[in-house]
Amino acid sequence: MASRSASVVDISTLRIGRDASEADIDLEFAPELDFADRLAWPLPATVRVSQIRDLASGVILTSDGVILTSAHVVAGIDEAHVRLDDGRRLPARVLGADARSDVALLKIEAKGLQPAVIGTSSTIRPGDWVAAIGAPFGFHGSVTSGVVSAIDRFIDGAGDIPFIQTDAAINPGSSGSPLFNARGEVVAINSLIFSGNGGYMGLSFAVPIDLAMKVAAQLQADGRVHRSRLGAEFQEVTPALAEAFGQDGHAGGALTVRVAAGGPAQAAGLARGDIVTALDGAPVGHFTGLLRQIAARPAGSLARLAVWREGAQRTISVTLAEEAASRKPAPPPSELPSAGNDELGLSLSELTPAQRRLLGSDGGLLVRDAVGAARSEGIRAGDLIVAVNGVRLDRLEDFRRGLKTARPGRHVALLVLREHRMAYVAIRLPAVRGAPP
């Protein structure tokens with residue numbers, strides 16, 4: 001199983017927001033792990049930027065860098081980076097995400113990668129052995145194993161995903177990681193855990209790979225998933241409900257609880273209280289199964305519903321409509337406006353005498369904002385830049401002078417102070433001087 005780790009990646013994401021008040025102080029920042037290893041804690045400072053970093057996992061689908069992960073991993077992010085098993089760290093862009101199935105695709109610029117071996121989830125059964133490889137809490141390449149606890153597990157609030165439930169240990173940082181069968185084939189993508197404390201408690205849930213790959217194919221084709229809709233909401237038919245609606249002894253079906261005005265179901269005559277027992281002659285066992293079958297059909301196709309209403313069976317023909325695409329929120333700005341952003345993406349200010357006393361430093365420039373290259377390398381608002389290459393920094397002019405000696409497209413070394421600990425951080429200058437970071 002360890003040989004499969006080459007197809008598993010770590011994903012780090014960044015979300016940026018603004019704090020309610022510029023007067024807020026002692027804000028907490030979460031630096032990247034490789035930076036945090038050297039500068040463990042943030043430096044208190046009066047800043048406006050709120051930055052949240054998350055860790056997750058993914059699996060390589062193609063040798064040229066298409067990566068499958070969970071949609072909630074990339075929701076609302078400003079940037080993402082992927083760490084490969086060989087240690088390379090590359091920026092990633094989102095090809096598409098589908099919240100309904102919790103499936104997303106990322107793309108990195110790389111060649112010769114090792115794709116995962118994709119299996120099928122259709123043959124998975126309770127008791128089958130499975131293993132997960134991911135980065136729980138940032139620990140790269142961690143392997144956990146267990147068995148399939150249940151299949152077709154539907155969770156309230158998680159839509160109509162037929163989750164595979166396992167007891168393989170999944171923890172924060174493993175979202176989007178692959179679940180393997182005994183042959184080393186990916187059979188699911190780890191998505192959720194049930195937890196009372198945020199950690200593993202024996203219940204993990206994964207999206208079946210058959211569903212994930214169907215969604216991924218549409219995301220890669222045009223960035224969204226096309227689904228048909230019926231225009232009605234349903235719930236499960238319990239034995240008690242079956243009795244109440246005059247279906248003694250009936251098991252399964254989808255009980256109609258709402259019919260959308262102006263939708264296909266209303267036009268066809270489906271009514272609240274109807275029980276859909278079959279779709280085109282195939283029995284409906286679970287209402288979510290009906291929804292999945294409807295969603296998978298092309299818009300404009302005709303569906304024949306067998307319906308139980310007021311003690312009698314009847315057939316209703318419905319012409320399906322296409323489900324409207326989710327309205328995408330306005331993309332976040334790639335840079336936060338701030339005077340003084342240089343070609344590294346840093347907005348700096350000189351220290352006041354009070355700040356020098358507070359920080360215990362006799363020099364350096366305070367980072368007010370970090371975007372672009374500086375942000376990607378872990379520089380944060382509140383850090384103190386003590387030197388650039390060999391140039392000590394006391395004034396902004398010192399920083400500009402230090403950059404002038406560096407060649408375009410090459411790295412410069414910034415000596416960074418955070419919480420009384422120092423480390424050098426290398427940042428590459430743009431190939432064309434004066435270009436945005």
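Predicted model: local features only at pLDDT ≥ 70, side-chain atom pairs only at ≥ 80, totals over all residues.
**Notebook: helices and salt bridges**

I began with helix α6 (residues 287-296), where Phe287, Thr288, Gly289, Leu290, Ile294 and Ala295 are buried (buried is under 20% relative accessible area, exposed over 50%, partly exposed in between, with a 1.4 Å probe and protein chains only). Helices are DSSP runs of H or I with at least four residues, strands are runs of E with at least two, and both are numbered from the N terminus. The cover over these α6 residues includes β14 (232-236) and β18 (302-309), with contact meaning heavy atoms within 4.5 Å.

Residues are numbered from 1 along each chain as its sequence is written, and side-chain values use heavy atoms, with hydrogens and water left out.

Next I looked up α3 (residues 209-222): its buried residues are Ile209, Ala212, Val215, Ala216 and Leu219. They line one face of the helix, because they fall within an arc of 125° seen down the axis (the arc is that of the directions from the helix axis to the C-beta atoms). Lys214 and Ala221, on the other side, are exposed.

Then I searched for salt bridges (a side-chain nitrogen of Lys or Arg within 4 Å of a carboxyl oxygen of Asp or Glu) and found 17 in the whole structure. One of them pairs arginine 375 with glutamate 79 at 2.9 Å, N to O. Arginine 375 sits in helix α8 and glutamate 79 in strand β4, so the pair ties together parts 296 residues apart in sequence. Both residues are buried.
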